[in-house]
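Colleague: I am new to this structure. Please show it to me, and let me ask about the words you use for it.

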Amino acid sequence: MTAEDRKMLARINKYAEEALADIDPQKVQVGAQLEKLKPILSEIAGEQGCSLEDIFIRYMDLQSEAACLTDSKMREEFKDEFQPDGSQPFFYR
């Protein structure tokens, strides 16, 4: 992930914290959540001269990459706390 990617992701996530503050992600459909993000995604698309769809795809890719990095760091941090044979499943939120 480039510095530009991190900056864009941080900008969208900051916006999302406010726009989605009163939304329970377990109960609200993803489409409705994305609709709330449309203003910031459209703004970035305009600034970069590309389509809303391109920014959406890039955002989803970056979120996936960030989630994988976080998961990897958490597993590394807690690797000694759990049995390597999988007898104690590793769940976190």
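Modeller: Let us start with P39. P39 sits in helix α2, where a helix is a DSSP run of H or I with at least four residues, a strand is a run of E with at least two, and both are numbered from the N terminus.

Colleague: Where do these values come from?

Modeller: This is a predicted model, in which local features need pLDDT of at least 70, side-chain atom pairs count only at pLDDT 80 or more, and totals for chains, interfaces and linings use all residues. Residues are numbered from 1 along each chain as its sequence is written, and side-chain values use heavy atoms, with hydrogens and water left out.

Colleague: Why does P39 count as partly exposed?

Modeller: Buried means under 20% relative accessible area, exposed means over 50%, and partly exposed is in between, with a 1.4 Å probe and protein chains only. P39 has 46% relative accessibility, so P39 counts as partly exposed.

Colleague: How far is P39 from I12 in sequence and in space?

Modeller: They are 27 residues apart in sequence. From C-alpha to C-alpha, P39 and I12 are 9.9 Å apart.

Colleague: What makes Q33 buried?

Modeller: Its relative accessible area is 16%, so Q33 is buried. Q33 also lies in helix α2.

Colleague: Which residues does Q33 touch, not counting residues up to four places away in sequence?

Modeller: L20, I23, P25 and V28. Touching here is contact, which means heavy atoms within 4.5 Å. For I23, the C-alpha distance to Q33 is 8.0 Å, across 10 residues of sequence.

Colleague: And D5, buried or exposed?

Modeller: D5 has 14% relative accessibility, so D5 counts as buried. D5 lies in helix α1. Leaving aside neighbours within four places in sequence, D5 is in contact with R58 and L62.

Colleague: What about D54, buried or partly exposed?

Modeller: D54 has a relative accessible area of 43%, so D54 is partly exposed. D54 is placed in helix α3, residues 52-77. The C-alpha atoms of D54 and L41 are separated by 9.5 Å, and the two are 13 residues apart along the chain.

Colleague: How many helices and strands are in the chain?

Modeller: Three helices and zero strands. From the N terminus on, the elements run α-α-α. Buried residues make up 20% of the 93 residues.

Colleague: Why is α1 called roughly antiparallel to α2?

Modeller: Helix α1 (residues 3-19) and helix α2 (residues 30-48) pack at an angle of about 150 degrees, with their axes 8 Å apart. That angle makes α1 roughly antiparallel to α2. Angles under 35 degrees count as roughly parallel, over 145 as roughly antiparallel, 65 to 115 as roughly perpendicular and the rest as oblique. The axes are lines fitted to C-alpha atoms, for helices over the stretch in contact, and angles run from 0 to 180 degrees between N-to-C directions.

Colleague: Which residues make the contact of α1 and α2?

Modeller: From α1, E4, M8, R11, I12, Y15, A16 and A19. From α2, K36, L37, P39, I40, L41, E43, I44, E47 and Q48. The residues of this contact of α1 with α2 divide into 10 nonpolar, one polar and five charged. Ala, Val, Leu, Ile, Met, Phe, Trp, Tyr, Cys and Pro count as nonpolar, Asp, Glu, Lys and Arg as charged, and the others, Gly among them, as polar.

Colleague: What makes α1 and α3 roughly perpendicular?

Modeller: Their angle is about 95 degrees, with the axes 10 Å apart. They are therefore roughly perpendicular to each other. E4, D5, M8, L9, I12 and N13 in α1 meet I55, R58, Y59, L62, Q63 and A66 in α3. This contact of α1 with α3 divides into seven nonpolar, two polar and three charged residues.

Colleague: And at what angle do α2 and α3 pack?

Modeller: About 110 degrees, with their axes 8 Å apart. That makes α2 roughly perpendicular to α3.

Colleague: How many disulfides does the structure hold?

Modeller: Zero, where a disulfide is a pair of cysteine sulfur atoms within 2.5 Å. C50 has 30% relative accessibility, so C50 counts as partly exposed. C68 has 54%, so C68 counts as exposed.
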